[in-house]
Amino acid sequence: MSVRMNNKLGSIVIDLNVVATYAGSVAVECFGIVGMASVSMKDGLVKLLGKENLGHGIAVRLNGNRIQLDFHVIISYGVSISAVAENLVSSVQYKLEAFTGMEVEKITIFVEGVRVID
């Protein structure tokens, strides 16, 4: 699926996988985020995704011309989940709106695990 925006010069089409990958790259730069998580529905197992699969831990939906995101993340042990979530929401919203020119309507964060970082 993709997003189509029209302006006076023509059309811009953005694939939702591009939006998910960009949002994932912004998310892993945030303090306290270890990485994106992939949840296996049949096993209920959580797997830490590598840098090449950042978009797989994010679900992107459109509501008109507004973006809704679901993040599945693994956070660092000992950090405040609410502080990490606030930082993630504000960073992703600001950078994604600048990147796409679209409004971010909603960001939902699912903390799938905690990891100790050396």
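Biologist: What makes strand β5 (residues 58-63) and strand β6 (residues 66-76) count as paired?

Modeller: They are joined by six bridges in the antiparallel sense, and two strands pair if DSSP finds at least two bridges between them. One of the bridges links V60 to L69 in β6. The two strands also form a hairpin, with two residues between them. In that turn, G64 has a positive phi of about 70°.

Biologist: What am I looking at overall?

Modeller: This is a predicted model, in which local features need pLDDT of at least 70 and side-chain atom pairs need 80 or more, while totals for chains, interfaces and linings use all residues. Residues are numbered from 1 along each chain as its sequence is written, and side-chain values use heavy atoms, without hydrogens or water. The protein has two helices and seven strands, counted as DSSP runs from the N terminus (helices H or I, at least four residues; strands E, at least two). Along the sequence, the pattern is β-β-α-β-β-β-β-α-β.

Biologist: How do you know whether α1 and α2 are parallel, perpendicular or oblique to each other?

Modeller: The axes of α1 (residues 16-28) and α2 (residues 81-100) cross at roughly 140° and come within 9 Å. Angles under 35 degrees are roughly parallel, over 145 roughly antiparallel, 65 to 115 roughly perpendicular, and the rest oblique. α1 and α2 are therefore oblique to each other.

Biologist: Which residues make the contact between α1 and α2?

Modeller: From α1 come V18, V19, Y22, A23, V26 and A27, and from α2 come L88, S91, V92, K95, L96, F99 and T100. Contact here means heavy atoms within 4.5 Å. Ten residues of this contact are nonpolar, two are polar and one is charged, with Asp, Glu, Lys and Arg as charged, Ala, Val, Leu, Ile, Met, Phe, Trp, Tyr, Cys and Pro as nonpolar, and the others as polar.

Biologist: How far apart are G113 and G35?

Modeller: They are 78 residues apart in sequence and 9.9 Å apart in space, C-alpha to C-alpha. G113 is found in strand β7 (residues 103-115). Beyond its neighbours within four places in sequence, G113 is in contact with V73, I74 and I75. Among contacts between residues at least 6 apart in sequence, 63% join residues at least 24 apart.

Conventions: Axes are lines fitted to C-alpha atoms, for helices over the stretch in contact, and angles run from 0 to 180 degrees between N-to-C directions.
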